[in-house]
Amino acid sequence: MSTPAILDIFRSSGALLEGHFKLTSGLHSNTYFQCAKVLQYPEHLMEICRNITSAFSDLDIDTVISPAVGGIVVGTEVGRQVGVKTIFAERKNGEMVLRRGFTVSPGEKVLVVEDVITTGGSVAEVIEIITEAGAEVVGVGSVVDRSNGTVKLVETQFSMLTLEVKNYDPDNCPLCDQNIPLDSPGSRTLQTS
Ligand code: ZN
C-alpha cells in the first residue's frame, strides 16, 4: 500500500486529523491520531494487517504476540492471517506479564505486533518476556510509528506508516501564534487514550 493510500483510509475514517488540537495531555499538536478509529472497520483492519503479514512472509513464525490493549486487535488479525497461535501480554501491577495460561517456549519463533509505537516501551517489555523464556523474536510489526523512525527495537522491524507528530506547550505554540482555531476532538467526538 502506498503512503497516500494509507493516509487516505486513516483520514476518511477520522483516525487522523490535521490542524490545531488540544490533546488530553494538555499539549497542543498539529495532528490528532486515534488508531482504533480506523481498525474498527473490518475492511481496513484486514487490509492493514495484510500489509503487516506480507512484510514478514519470508519468516518462520510460530506465534504472534501483542501488548494489551491497543495491540490486541491488530495482533489477532495478523495471527489469523498467518494461521498461528496468537497471544497477548498485559500489565499487572505495572509490569508486563503473560497471564490467562499464555506461555512461550524455548526456541519458539515469535512475531510482536503493536498498533502504535511511540516510545516503544511496551514492545520492549514484551521482547524481554520472550527472550527471558528462551524464545526468539523474529520481528516487530506495527501500524504506525509515531517516533518518525527513531525507535529501533529489533533488526526486522516494519511499520506501515511513519508519522512525524509535533506537540507544543500551549504557552509556546506556533499554531496559537497563527490564530488557528483550537479543536479538542477527544472531548467532542470520542474518548482518547
Ligand atoms: Zn496551540
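Start by selecting residues 63-67, which form strand 3. Strands here are DSSP runs of E with at least two residues, helices are runs of H or I with at least four, and both are numbered from the N terminus. Five of the five residues in strand 3 are buried, so the rest of the structure largely encloses this strand. Buried means under 20% relative accessible area, exposed means over 50%, and partly exposed is in between, with a 1.4 Å probe and protein chains only.

Before moving on, a note on what you're looking at: the model is predicted, so local features need pLDDT of at least 70 and side-chain atom pairs count only at pLDDT 80 or more, while totals for chains, interfaces and linings use all residues. Residues are numbered from 1 along each chain as its sequence is written, and side-chain values use heavy atoms, with hydrogens and water left out.

Now show the side chains of strand 3. Which way do they point? T63, I65 and P67 go one way, V64 and S66 go the other, and all are buried. In a regular strand, side chains alternate between the two faces of the sheet.

Zoom in on V64 and you'll find T86 of strand 4 opposite.

Time for another sheet. Select residues 16-22 (strand 1) and 28-33 (strand 2), an antiparallel couple with five bridges. Pick E18 and look across to T31, its bridge partner in strand 2. Five residues sit between the strands of this hairpin, and G26 takes a positive phi near 95°.

The open sheet now has its three strands, in the order 1-2-9, with antiparallel pairing. Two bridges link strand 2 to strand 9, and S29 has N167 as its bridge partner.

Finally, zoom out to the whole chain. How many helices and strands are there? Seven helices and nine strands. The radius of gyration, taken over C-alpha atoms, is 18 Å, close to the 16 Å that the globule rule (2.2 Å times the number of residues to the power 0.38) gives for 193 residues, so the chain is as compact as a globular protein of that length. The C-alpha trace spans about 55 × 35 × 30 Å along its principal axes. Colour by burial and 44% of the 193 residues count as buried.

Conventions. Two strands pair if DSSP finds at least two bridges between them.
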